[in-house]
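Please look at the sequence and the 3D structure below.

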Amino acid sequence: MLPHKTILVIGAVVDIALHSGEGAVSAHDVADRLHLPRRHLEPFLQALVREGILGGVRGARGGYILAKARQAVSVYDISEAVKTVETEEPNKELPWLLGTVVLPTLAQAEEYLKSNLKRITVEDLVRAANLQMLANYRPAAIAR
């Protein structure tokens, strides 16, 4: 499973893709929609800018836009960019069972996950979000 922070950042990129039709999307608006403090999200958004996934727009109407086409950005790309912000605990000597059985087996599963994450694009997630919004659409009652 992906770390919680990575999932939130993937959600932020999809949110930016969904709302960037009118221009740059502010970090404040993204954080509000995802129910996060802005300061929590900002370092991750900056990492995505450094990796060329997002573009930063300065000024009063500033915010973030996708730097690439939606179909050119995979969930894997985003998860790799997030790793540049997250800090890992230092390697410790592992007990025999963990080092020779558990970790190698989980590494295989991780490779399988990476392979699948590379196939899922922001465009796929935007389509799913749009379909979900259509499914939940309830027209206003017609005035009598």
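## Helices and a loop

The buried residues of helix 1 (buried means under 20% relative accessible area, with a 1.4 Å probe and protein chains only) pack against helix 2, helix 3, strand 1 (54-57), strand 2 (63-66), helix 4 (75-83) and helix 6 (122-135). Contact here means heavy atoms within 4.5 Å. Helices (H or I, at least four residues) and strands (E, at least two) are DSSP runs, numbered from the N terminus.

This is a predicted model, in which local features need pLDDT of at least 70 and side-chain atom pairs count only at pLDDT 80 or more, while totals for chains, interfaces and linings use all residues. Residues are numbered from 1 along each chain as its sequence is written, and side-chain values use heavy atoms, leaving out hydrogens and water.

Among the buried residues of helix 1 are Thr6, Leu8, Val9, Ile10 and Asp15. Helix 1 covers residues 4-19 and reaches 23 Å from its first C-alpha to its last, close to the 22 Å expected at 1.5 Å a residue.

The axes of helix 2 and helix 3 (lines fitted to C-alpha atoms over the stretch in contact, with angles from 0 to 180 degrees between N-to-C directions) come within 9 Å and cross at roughly 120°. The residues that meet are listed here.

| Helix | Residues in contact |
|---|---|
| Helix 2 (residues 27-34) | Ala27, His28, Val30, Ala31 |
| Helix 3 (residues 38-50) | Arg38, Leu41, Glu42, Leu45 |

Histidine 35 lies in the loop between helix 2 and helix 3. Its phi is near 60°, a positive value in a residue other than glycine. Histidine 35 counts as exposed (over 50%) because its relative accessibility is 71%.

Notes:
Expected span 1.5 Å × (residues − 1).
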